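Subject: Structure handover

Hello,

I am passing on the structure below, followed by notes on what was found in it. Please keep it open while you read.

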Amino acid sequence: MSTLSPDGDSDYGGGEAAGAVMADVLSKGREACYKARDAFYTCVEKHADKKPTEIATMGLLYPADCKKSRASFVNSCRPSWVKHFDRQYSAKKRVQRLLDGGDDRRGPISLPQPYTFKQ
């Protein structure tokens with residue numbers, strides 16, 4: 001019997017003996033996953049000027065030049081981890097885009113002044 005993760009992935013204990021430690025959660029497996037993740041996101045940043053044409057999980061778009069590092073990332077990490085890292089990266093980029101956007105988005109919100117409303 002396999003159990004489901006909160007995301008609905010069945011990557012927990014699928015077919016292996018109960019109580020067995022999965023290789024990808026051990027130190028070496030995590031380290032390989034993190035290196036593949038960092039290589040992929042470095043590639044995405046490096047090729048940020050190119051039009052993103054490939055679709056990853058969670059709506060993340062990336063350039064075709066990063067296909068090889070994406071495949072390595074997906075093969076090195078659990079599917080739920082890949083989703084988590086993609087979600088985290090997208091959220092970080094969204095916040096950065098808001099902070100780096102036009103001057104109208106920076107600073108405190110300007111509330112309407114009383115004189116703008118006609119009585």
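A residue is called buried here if its relative accessible area is under 20%, and exposed if that area is over 50%. Please also note that this is a predicted model.

Helix 2

By that cut-off, helix 2, which covers residues 67-76, has Ser69, Arg70 and Phe73 as its buried residues. Viewed down the axis of helix 2, these buried residues fall within an arc of 105°, so they line one face of the helix. The face turned away from that buried side carries the exposed residues Lys68 and Asn75. What do the buried residues of helix 2 pack against? Their partners are helix 1, strand 2 (61-62) and helix 3.

The chain as a whole

The secondary structure comes to 3 helices and 2 strands. Read along the sequence, these follow the pattern α-β-β-α-α. The chain has 119 residues, and 25% of them count as buried. Its accessible surface is about 8900 Å², and carbon and sulfur atoms account for 57% of that. Taking the contacts between residues at least 6 apart in sequence, 47% join residues at least 24 apart.

Helix 1 and helix 3

Two packed helices are described by the angle between their axes and the distance between the axes. For helix 1 and helix 3 (residues 79-100), the angle is about 35° and the axes are 12 Å apart. The crossing of this pair is right-handed. Which residues meet there, on helix 1 and on helix 3? Helix 1 contributes Arg30, Cys33, Tyr34, Arg37, Tyr41, Val44 and Glu45, while helix 3 contributes Trp81, Phe85, Asp86, Tyr89 and Lys93. Sorted by class, the contact of helix 1 with helix 3 has 7 nonpolar and 5 charged residues, and no polar ones.

His47

One loop residue is also worth a look. His47 lies in the loop between helix 1 (27-46) and strand 1 (54-55). Is His47 buried or exposed? With a relative accessible area of 15%, His47 is buried, because the cut-off for that term is under 20%. Leaving aside residues up to four places away in sequence, His47 touches Pro63, Asp65 and Cys66.

That is the end of the notes.

Regards

Definitions and conventions
Residues numbered from 1 in each chain as written. Predicted model: local features only at pLDDT ≥ 70, side-chain atom pairs only at ≥ 80, totals over all residues. Heavy atoms only, no water. Helix = DSSP H or I, 4+ residues; strand = E, 2+ residues; numbered from the N terminus. Buried < 20%, exposed > 50% of the residue type's maximum accessible area, 1.4 Å probe, protein only. Contact = heavy atoms within 4.5 Å. Areas by Shrake-Rupley, 256 points an atom, 1.4 Å probe, with all protein chains shown as cover. Axes fitted to C-alpha atoms, helices over the stretch in contact; angles between N-to-C directions. Left-handed = near helix turned anticlockwise from the far one by under 90°. Nonpolar A, V, L, I, M, F, W, Y, C, P; charged D, E, K, R; others polar. Arc of directions from axis to C-beta.
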